[in-house]
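Thanks for coming, everyone. Let's walk through one protein model together, piece by piece. Have a look first.

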Amino acid sequence: MKKIWTFIAVAVLLFITACGQETTKEKDAADSEEELKELKVDFKVPESAEPGENVELNATVTYGEEKVTDADEVVFEVWEKGNKDDSTKLDSTNHEDGTYTAKITFDKDGVYEMYAHTTARDLHAMPKKSITVGSGDSGQTEDASEDDEHADQKAAEGFDLHFMEPENVVAGEETELMVHLQMDGNPLEEASVRYEIGRKDAENKEWADAKESKAGEYTASHTFAEEGTYQVIIHVENDEDLHEHQEYEIAVTK
């Protein structure tokens, strides 16, 4: 009788172990499948338009085979080529079928560039497009055009940076600084990212080293001691001789 009970106990134990191993395998397979999924944004913009024409910006967002109907953010950022500091941001309309749209009218001839800043499933993507309006000639002087061309060449070809500018920053409270980096449309990984922080007229600046929390996403925390306007310079380097920096201003209140 003891042998029978021993046999039954061993059989039950083996069954439980097998079930546990199978569950683990299924979980590992599901995790692996989740890791393979990508956040993709099919950004469509007409190649050309006329001044005064209503232009639709259209982004279709997918995660793997799933259409993302509940993206955290889809914002279109538009600027005239060579003048990114004077960009305009447009909130999108969510059509709840994976598509997000906005409409814009360009007042004058020129070449305009734009991002579709998209955040969903804890990931970020920012595909870039351009459109030629009218003749594409903005009417700038030759010198100004040369200056703009030089400004465009400051950033390495294919490099894109999107700083998630913090809002309602309060002195004495910890603030998260986050930037998304891309190279040729893909997340830029394993870069060295540092935030240089201080007032413009200050001799000594503070530094905050960022950590890569997700692919291409770099975050750091900083506490601004006093109210006022601060300059934040984001420095980006990697082992392939990339060295970029961009400047921003943050308003800090009491």
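Let's start with one residue. Glutamate 217 is buried, with a relative accessible area of 8%. Buried means under 20% relative accessible area, exposed means over 50%, and partly exposed is in between, using a 1.4 Å probe and protein chains only.

A word on the source. This is a predicted model, where local features need pLDDT of at least 70, side-chain atom pairs count only at pLDDT 80 or more, and totals for chains, interfaces and linings use all residues. Residues are numbered from 1 along each chain as its sequence is written, and side-chain values use heavy atoms, with hydrogens and water left out.

Back to glutamate 217. Which residue does glutamate 217 form a salt bridge with? The partner is lysine 214, and the closest N and O atoms are 3.6 Å apart. By salt bridge I mean a side-chain nitrogen of Lys or Arg within 4 Å of a carboxyl oxygen of Asp or Glu. Lysine 214 is partly exposed, at 32% relative accessibility. Elsewhere, salt bridges that share partners join Glu66, Asp70 and Arg121 into one network.

How many salt bridges does a search of the whole structure find? The count is 9. One of them links arginine 121 and glutamate 66, with the closest N and O atoms 2.5 Å apart. Arginine 121 sits in the loop between β9 and β10 (123-125), while glutamate 66 belongs to strand β4 (residues 66-67), so this pair ties together parts that are 55 residues apart in sequence. Strands here are DSSP runs of E, at least two residues long, numbered from the N terminus. Is arginine 121 buried or partly exposed? Arginine 121 is partly exposed, with a relative accessible area of 29%. Glutamate 66 counts as partly exposed too, at 33%.

Now a salt bridge between lysine 84 and glutamate 77. Their side chains meet at 3.5 Å, N to O. Lysine 84 is partly exposed, at 29% relative accessibility. Glutamate 77 is buried, with a relative accessible area of 5%.

Next, strand β5, residues 73-80. Why do we call β5 largely enclosed by the rest of the structure? Because 7 of its 8 residues are buried. Now its neighbours. Two strands pair if DSSP finds at least two bridges between them. β5 pairs with strand β9 (residues 110-120) in the antiparallel sense, over 8 bridges. In that pairing, valine 75 stands opposite histidine 117. β5 also pairs with strand β6 (residues 88-91), again antiparallel, over 4 bridges. There, valine 78 stands opposite threonine 88. As a reminder, strands of a sheet pair through backbone hydrogen bonds, either parallel or antiparallel.

On to strand β8, residues 99-105. Here 5 of the 7 residues are buried, so β8 is largely enclosed by the rest of the structure. Strand β3 (residues 54-63) runs antiparallel to β8, joined by 7 bridges. Strand β7 (residues 93-94) is antiparallel to β8 as well, with 2 bridges. Look at threonine 101 in β8. Asparagine 58 has threonine 101 as its bridge partner, and so does threonine 93. β7 and β8 form a hairpin with 4 residues between them. In the turn, glutamate 96 has a positive phi of about 60°.

Now an open sheet. What is the order of its 5 strands? They run β13-β21-β20-β16-β17, with mixed pairing. At the edges are β13 (169-170) and β17 (206-209), each pairing on one side only. Inside the sheet, 10 bridges join β20 to β21, which run antiparallel. Histidine 235 stands opposite histidine 245 in β21.

The loop between β20 (228-237) and β21 (243-253) holds aspartate 239. At 80% relative accessibility, aspartate 239 counts as exposed.

Last stop, lysine 211. This residue is in strand β18 (residues 211-214). Lysine 211 is exposed, with a relative accessible area of 66%. Lysine 211 and valine 193 are 18 residues apart in sequence, and 7.6 Å apart in space, C-alpha to C-alpha.
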